[in-house]
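Please look over the chain shown here, and read the report that goes with it.

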Amino acid sequence: QVKFVKWALWYHGYGRQQLQRLPADGSAGSRELLLAFSWLLHSLGLLEQLLAHNRLQTGDEAAVCSCEDELPNSQEGAAEAGPEGRVDVRYLQWLNGRLRLQWCSLHAQHQEQCKLLHKIHLFTSGSHVDQNLGHFSVTETDLIRQPENYKQLLQLLESEAMQLEAFLEWKQLEPVYWQWMEAVLDNMAEEGNTSESQDAHVDKRRLPEVISCCPWADKVTGQMDRLARDLMVLQEELHQLVAQRKAAWWEKVAAREELQKERFSATARKIQESVDLKLRGLVSLGAPQKKEMHGSCRLVLRSKGTASKMGFGGCVSREAVPAVSAAEVIRELQVRGSSLQRELQQLRQQCRHRLGEVAEGLEGVICISP
């Protein structure tokens, strides 16, 4: 458990070395654990994530996300170093096929779930007390079929209400907690400074005692002084050598920049073309300052007439989750899919170019592009 806690904190970015040096039996380190817990509260929003994870969903909800995902630098570096690795291509093809099969299976299950939800919403249409909803959800339908389960649902709702009340109380007392944590950090800093000063005082005190009791201490100190002077001379020579190497390096860089102006202009043209393609995708969106959709939304069955009367913002007015039109989500996904297709074509062209460069360096090998 101790190793797992250390690994989890390191994975989330908590790099304090004092925590990693704690004993594995858990006999010490309560203050370090307090600091780590406070860091989780501040950086990850731990309580908000727990509330969102434990939230009881009484309605049929679906996740909606139209945010653009950026490619991390680690993946770019891995893509550049890919052709030089020793990964078997057939194994990668097998993984790709297995991933496609699982994706198709997941998509089929999701379609079946949507069909069943549509049947429930259609058959219970007009039965709900709330006219904005108009139909029952899966949970509400199950309660109608099995009324004895309402006690368990009531207990879960009471537990969630207690968690929300505790969260509100924590928000009121949170400034006091952080003031206490500031005091804890100040005490730890003072203790660290005093321990360092004591160690330095002990080291300084031990040196005269050794010199006074050893007759050959003067000879050793003389040799140390000579070594120190030699080190200073070598350091000055090293600085001069580094300055000369830097000057020579900048001269080479300037010469290479002059030689690679044409290559740089070609790269700039490629970048300009990719930017133009992405700008075309942005123009197709229509609204430049459109808010991205992210989060969970309740699924509500709407006919064409009622949807046109209520508009985008009037789907579910009494729910805590935002109201999103399915047609708008479909349009957003279609636009994003077209931009991803363009980016895929660019990546394929880059891969073909890279494979052609690799094939030119191989003797006796003929590569036929698909």
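The report below moves from the chain as a whole to its helices, its core and its aromatic rings.

## Basis and overall make-up

This is a predicted model, in which local features need pLDDT of at least 70 and side-chain atom pairs count only at pLDDT 80 or more, whereas totals for chains, interfaces and linings use all residues. Residues are numbered from 1 along each chain as its sequence is written, and side-chain values use heavy atoms, with hydrogens and water left out.

The protein chain has 12 helices and two strands, where helices (H or I, at least four residues) and strands (E, at least two) are DSSP runs numbered from the N terminus. Along the sequence these elements follow the pattern α-α-α-α-β-α-α-α-α-α-α-β-α-α. Of the 370 residues of the protein chain, 15% count as buried; buried means under 20% relative accessible area, exposed over 50%, and partly exposed in between, with a 1.4 Å probe and protein chains only. The accessible surface of the protein chain comes to about 30600 Å², and carbon and sulfur atoms hold 58% of it; accessible areas come from the Shrake-Rupley method with a 1.4 Å probe, and for residues only the protein chains shown count as cover. Among the contacts in the protein chain with a separation of 6 or more, 66% are between residues 24 or more positions apart, a contact being heavy atoms within 4.5 Å.

Helix H1 spans residues 2–11, and its buried residues are Lys6, Ala8 and Leu9. Seen down the axis of H1, these buried residues fall within an arc of 165°, so they line one face of the helix; the arc is that of the directions from the helix axis to the C-beta atoms. They pack against helix H2 (17–20) and helix H3 (30–43), while the face of H1 turned away from its buried side carries the exposed residues Lys3, Phe4, Trp10 and Tyr11. Just after H1, Gly13 takes a positive phi of about 105°.

Leu33 lies in helix H3 and, at 45% relative accessibility, counts as partly exposed. Leaving aside neighbours within four places in sequence, Leu33 is in contact with Val5 and Leu19; Leu33 and Leu19 are 14 residues apart in sequence and 7.5 Å apart in space, C-alpha to C-alpha.

In soluble globular proteins, nonpolar side chains tend to be buried together. A nonpolar core is here a set of buried Ala, Val, Leu, Ile, Met, Phe, Trp, Tyr and Cys residues joined through side-chain atoms within 4.5 Å. The largest such core has 14 residues, of which Leu9, Tyr14, Leu19, Leu35, Ala36, Trp170 and Tyr177 touch the most other members. H3 and helix H8 (150–213) each supply at least two residues of this core, and its largest share, six residues, comes from H8.

Leu153 also has its place in helix H8, and is buried with a relative accessible area of 17%. Beyond its neighbours within four places in sequence, Leu153 is in contact with Leu56 and Leu143; Leu153 and Leu143 are 10 residues apart in sequence and 9.0 Å apart in space, C-alpha to C-alpha. Thr141, found in helix H7 (residues 138–145), counts as buried at 18% relative accessibility and touches Ile120, Thr124 and Phe136, not counting residues up to four places away in sequence.

## Aromatic rings and cysteines

The structure holds seven aromatic pairs. Rings of Phe, Tyr and Trp (its six-membered ring) pair if their centres lie within 6.5 Å, and planes under 30 degrees apart count as stacked, over 60 as edge-to-face and the rest as tilted. Two of these pairs are set out here.

| Pair | Centre to centre | Angle between planes | Class |
|---|---|---|---|
| Trp170 and Tyr177 | 5.3 Å | 65° | edge-to-face |
| Tyr177 and Trp178 | 5.2 Å | 75° | edge-to-face |

Ring pairs link Trp170, Tyr177, Trp178 and Trp180 into a cluster. Both Trp170 and Tyr177 are buried, with Tyr177 at 13% relative accessibility, whereas Trp178 is partly exposed at 24%. Not counting residues up to four places away in sequence, Tyr177 touches Leu34, Phe37, Ser38, Leu41 and Trp170.

A search of the whole structure finds zero disulfides, a disulfide being a pair of cysteine sulfur atoms within 2.5 Å. Cys114 counts as partly exposed at 38% relative accessibility, and Cys351 is partly exposed with a relative accessible area of 47%.
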